[in-house]
Amino acid sequence: MDINFLIKSMLFLPLVASPIVYLLGRSSVRKGTFLGMSFAKMFTVLIILLEGCLTYFTAKDWIGTSSSIYTNIGTVLIGFDGVSCLMSLIVVILGFCVTLFSFPYMQDEDGEEKFYALLLALIGSIVGLGISQDLFNLWVWFEVMAISTYFLVAFYHEQPASLEAGFKYLTQSAVGSALALFGIAVLFSQTGTVYLPSFLGAFTALDPMLYIGGILIIVGFGVKAALVPLHTWLPDAHSQAPSGISAMLSGIVIEAGLVAMLRIVIVLNEVTHIWGLILLVLGCVNILIGNLMALRQTEVKRLLAYSSIAQVGYMLVGFGVTLYIGFTTGITGAAGGYFHMFTHALMKGLAFLAAGALLYVLHLAKGNHSPLVLDDLNGASKKYPAVALMFSVALLGLGGLPPMAGFMSKWQILVGVAQGQTAWLIAVVIFVGLNSILSLAYYAPIINRMYRHEQSEVVTAGEAVSSWMITPMVVLTIGILLLGVWPSLISKITVPAANIFLSPFGF
Amino acid sequence: MTNLPVPFIIVLTILGLVGVGFYCLLATRNLIKVIVALQLIIKGVFLAFVLAGNLTGMISIAQTMGLTVIVADTIVAVIGLSMAVQIRHKMGTLDTKALSSLKR
Amino acid sequence: MSSNLLIPLIIGVPWLGALIILLDKDRHEKLQHSLAVIISLAAAAAAVLLIPQTSKEVAFSVKMGSAFGNFSFVADGLGVFLTLIATIIGSLAVIFSVNYMHGEEGLGRYYAYVLFFIGAMSGLVLTSNMLLIFFFWEITALCSYGLISFHNDDPKAVRGGIKALIITSVGGVGLLAGALLLFVYTQSYDLNVFLSNPSVLPAKMLAFLGFMFLVAAAAKSAQFPFQTWLPDAMEAPSPISALIHAATMVNAGVYLLARFFPAFAGIPYWKEAVMAVGVLSAFLAAIMALFSNDLKRVLAYSTVSQLGYMFYAIGTGDVFSSQFHLFSHSIFKALLFLGAGAVIHCVGTRDMTKMGGVGKKMPYVQWMFIIGALALAGIPVLNGFWSKELILEAGAATDVKVLYWIMVFVAGLTALYTCRMVWMVFFGEPRSDYHAHRAGAAMKIALAPLAAGALVSWLSIDWFSKLLNSGSLPFHTLKALDLTEMFHEVFTLQTLIPLAVIAVGILCWFFRAKLAGITKLFGWLRYLADHSFGFEGINTGIVKATQNCAEGLRVTQTGILGLNILAVLCTIIILFSLFAIGV
C-alpha cells in the first residue's frame, strides 16, 4: 500500500468516523431502542482497531528508514517520523482500552453517543498533531484536541463539580492556546513562513523576538502540558472527568501539549541551549511540587492527577537535559523522555482505569456521584482481587519500582542526565531519585489499604466488576510488566523519535 | 501621534487588546464576561497575525491562518457559553465565586 | 547442566512459581504450600548444581541496547556462594512457613513475595550488569516491604514496611548515582570492565562512587546511621525475618562492598570509613540489644551488630573472613529467628518478660535455639567462634588498635545479651500465664539442618576457600585457608583475649544479682538505647517536616479562576525578566 495513502487515511479515518458514530448513536436515542447505540459502540472499537492496523502498516514501512516520510495535503506538509509513530501508538492503545472500559462505565448515561464520537475525534486530532510538520498545522490540531476534551471533561453536566472543573479547564486552556498562537505569530513575523525547517537559520542568539516567541510558546503549550505553576486546572479536570477520559487526559493529552512544545523548542534550541535549561529546571520543580501536593490528598483520582504533574516533570528533565548539554553526548535523555511518555501512558492509564472501576462499582453504579476517597479502598482486595492487583502494579510502576516499566524509563532518563558529567547534574540525579522515593510514600499506603482484611462499608455493598473493564486493564498490565523486563522492545521507536533532537528534519 | 509608524500603533493596539482581555479575565466575576475576555485576547492575537503577514509580505498565509483562528475560537466560545448556561441552570448564578468549591 | 541454563532456572523458576501461586487466588491452601516448597527446593538444587560451573566467564547474556547494556550473568565464586545461601535458607524458611502460616489469609500473596524475593536475590549476586544489580536490589526492597506489611490491618506493620522501603531506597539512590557514574565513565554497564581498570574514573569521581556505594550498603544492611528500620521490620512473620532480614537481603550491602573492594581499597579514608561504620553499628546495636525486652528486636539488633563485624572485616582488607562470617551468621541467625518464631507462634507473645521456663514445654526448640545462641556468642567449636576469631585476627593486624579493642568488647557484650535472651525465654519460672504447645513437624524439620550447620559448617572452610579462589574472581586477592591453616590462625595467644572477654560476659549474667548496683548506674544508657540513640527522632523529624511542607503547599491550589490566570501571567513576566536580566 502506498505509504502516503496510509498516512492520510490514518489521519482522516477517526475524524470521518466520529460524526457517523454520533448519528448511529443518536438514532437509537430518538427511536428509543438500544440497537443503534450498540452499533455505535462496536463501530467505535472497529475504527480504533482499524486505526491500529493502519499505524502498524505505516510504522512497518517507516521503521527501516532512519528519517521521516513526508507527504502533502494540498499545500500543507505532513510527515511521519518517530514522534508521530509513538503518538499514534499510544493513542491507539489507550483509546482501545478506554473504549472497552467505557462500555459498562458509560452505559445509559445521558449523551453517551457524544462520548464515543468525541473520543474518536480526540484520537484523530492527536494523530494529526503527531504528523504535523509546520507551526500552524500543529496549533490547529492542538486546538481540535482541546475542543474535543472540553465537553468530555464536563460530561456529567448535572454535577456542579464537573461543570466547575470543565469551565475552569476551558478558560485556562483557551488562554494557553491564545498565548501559544501569539508566540507563533511572533515567530512568523520574523521568517514569513510557518514551515518549521525554515526557522533553522532565522535567528541569532541576541534577537529579542526569539525569546519573546519562545517564552510564549513554552507558557502557552505549557498550560496544556501541566507545567508548574500553570497546572492548576489539572487536579480538577482529571478528577471530575469520567475515568476513561481521565486516563486519556493524563496519558496522552498532556503529553501532546509537551510534544507540540518540543517540536518548536527543538528548532529554537539550535540557536541557544538556554531552552533546555529552562525545561530542566521547570521539570525539577514539577517533580517536587507534584509529589508534595499528592502526599496529602485523600481523594484517589485527585492524588493520581497530582502524580501526573510529577511524571510530566520526569519527561521534562529528560528532554531538557538533551537540549541543554548538547547532542554530542547522546540522545539518551530524550529517548528516555519518550520512553517515559509511553510507560506513563500505560501505567497512569491503568491506574485511572482501576480507580475508575472501583469508583464505578462502589459509587457510580448506584447513581452516587461522590468522589472515591482513600478510606473507600480499605479491604478491596478480597472482593476485587484482579482490580486490586493491577492497581498495585500500576502504582508501584509509577513509583519507579522494578520489575515495572516505570523503573526502566526513569533509568534511561537518569542515564541521559548523568552523561553531563558535571557536579550539579549528578545532584539532579540524586534529587530525582529521592523524589521517586517520596512518591512511594503516597503510592504504597494505597496498596496497604487495599490488602487489609477489614472492608470498608462501600466495599461490602459494592457490585461486581464487569469483564469489559477487566480486559483492557489486563492488556495494560501485561504491557507494563513486559517492558519492565525487556525495555529495548520500544527502542526502535523511541530512539528515532529522539534523533529528531539531533537533526530536526531528518535531512 | 500621527508621526508614529503604522506598525508601532498596531503593536500598541495588540498589546492593548491582549492586556485589556487579561485584565478583564482577572478582574471579572461574571462567567459571560470571562468568555468575552477570552474573545478579546484572541482578537488581539489575530491582529498580531495580520501585522506579521504585513511585515513579511505573506498576506495570504496570514489571512488563511486568521480565518482558521476565528473558526476555532468561535467554537471555543460556543462551548464555553453553553457551559455557562448549564452552570446558571444548576447553580443559579453566573458568579465565579460559585466555581471555587474544588480546591487544595 | 551448564550455567547458561542453570542461572535462568534459578531466577526464573521461583518467579514463575510466584505467578502460579498468585493466580491460584487462595483457593487451594495445601497446593500453595506444597508448590512453594517444591519450587524453592528446585531452586536450591539448581544452585547446588551450579557449584562445579563456577568460572569468571559470562554465563548468560541478552543484548538490550545502549541505554541498558547487556543483561549478563556470571557464575563466579562470590555469586554462587550467596545464591546457595539464598536458595537453601529460602527453602528452609518456606518449609517452616508451612506450619507457621497455616490457615492465614492471603497466603498466595505471601508465597508469591517470598519466591519472587528468592529469585531476585539470586539474580542480584549472579549478575554483572550494574543496571540489573540496581533492578534486583529494588525488587528485594519491594518484597521486603510487602512481607513486613503482610498483616495490613496492623498499623505498626504497615509503618514498619514503609519505613524499611523508604530507608533502603534512600540508600538505593546512592547505588543509582554510582551505577550511572560507572556507566558514564567506562561506557559499559559491566562491573568487571570497571574492576579491571578503576582508574578510568578521575580520583574525585572514584571517591564519590566509593562513598555512595558505602551509603547504599549501609542503608541496605541497616548499619549506622540507617539502623532504625531493621528492628521495626520485625513485624514481619518470623520465617521472613529469618530469610530476608538475617540471612539474605541485609547481606546485600556486605556483598556490594565485597564485590567492589578491589576498586575502592585505594581511595583515601574509604577503608577507615567502612571500619568506622562497622564498629559504630556493632557497638550501638549490642547496647540496644542488651536493653530490649522484645525477643525479635534483640535478634534484630544482634543482626545489625554482626553485620557490623562483616563491615569491619572488609574495612581491614580481609574480604575472605567477612564472607566466612556471613556464611556462619546466615546459618546461626536463621536458626535463631526460626527458633524464636517457633516460640512466639506457640507461646503467643514476643515479650520476653512474659516468658520464662519455655524450655520445659518445648525442649526440641530450646536445644536448637541454644546451639544458635552459642554460635552467636562465639563459643568455641561452633561456626560463629571460628569466623569471629578470623575477623578479630584481621583487626588486630591493623594500625587502628582502638577499633579492635571495641570489637573485642562487643564480643563480650554479645555473649552477655545472648545469655540474657536464652535465660529469660527458656529457663527459670514462667513469668505469666501463657499456654505453649509443641512446635509442628515442619518447623522441626526446618530447624534441624540449620543447627547441624551451626555445629559443623566451619569444617568446610577448605571447600569454601576453593570456591572463592578458583580464579573466578580475577580482581580480588582473597585469603585461602584450609582446616589446619585456620587452626594455626585462630589458635594463637591473640585468641585468648576475646575468649576471656566472652567468659567475662557470660559470668556477668550469672552474677547479675551481685552486679545490680552497677546496672543501676547505667539507667541513662537504657533511655538512650530505647530511643535508638536519637536516630528515631531524626527519622520522625524528617517525616514531620515533609508532611508539614506538603500541607502548607496545599493553599496554592486556591480554586479561584482569577488567581489561576494570574499564575500564568506571572510565569510569563518572570521568564521575560529572567531573560531581560540574563541577555
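This is a predicted model: local features need pLDDT of at least 70, side-chain atom pairs count only at pLDDT 80 or more; totals for chains, interfaces and linings use all residues.
**Entry 1: helix 3 and helix 18 of chain A**

I looked up which residues join helix 3 of chain A to helix 18 of chain A, taking contact as heavy atoms within 4.5 Å. In helix 3 of chain A, A:Ile93, A:Cys97, A:Leu100, A:Phe101, A:Phe103, A:Pro104 and A:Tyr105 meet A:Trp468, A:Met469, A:Pro472, A:Val475 and A:Leu476 of helix 18 of chain A.

Residues are numbered from 1 along each chain as its sequence is written, chains are lettered from A and ligands numbered from 1 in the order in which they are written, and side-chain values use heavy atoms, leaving out hydrogens and water.

Helix 3 (residues 82-105) and helix 18 (residues 467-485) of chain A pack at about 160°, their axes 7 Å apart. Axes are lines fitted to C-alpha atoms, for helices over the stretch in contact, with angles from 0 to 180 degrees between N-to-C directions; helices are DSSP runs of H or I, at least four residues, numbered from the N terminus. The two helices of chain A, helix 3 and helix 18, are therefore roughly antiparallel (angles over 145 degrees).

**Entry 2: chain C against chain A**

I recorded 59 residues of chain C and 70 residues of chain A in the contact. Chain C and chain A bury about 6,000 Å² between them, 77% of it on carbon and sulfur atoms (accessible area, 1.4 Å probe, lost on putting two parts together, summed over both). On the chain C side, C:Phe68, C:Gln557 and C:Phe579 lose the most area to chain A, together 11% of what that side buries.

I found two salt bridges between chain C and chain A (a side-chain nitrogen of Lys or Arg within 4 Å of a carboxyl oxygen of Asp or Glu). A:Arg296 and C:Glu551 meet in a salt bridge at 2.6 Å, N to O.

**Entry 3: chain B against chain C**

I then followed C:Glu551 to B:Arg104, with which C:Glu551 forms a salt bridge, the closest N and O atoms being 3.5 Å apart. The count between chain B and chain C is one salt bridge. Nine residues of chain B contact 12 residues of chain C, and the two chains bury about 940 Å², 68% of it on carbon and sulfur atoms.

Key:
Angles under 35 degrees count as roughly parallel, over 145 as roughly antiparallel, 65 to 115 as roughly perpendicular and the rest as oblique.
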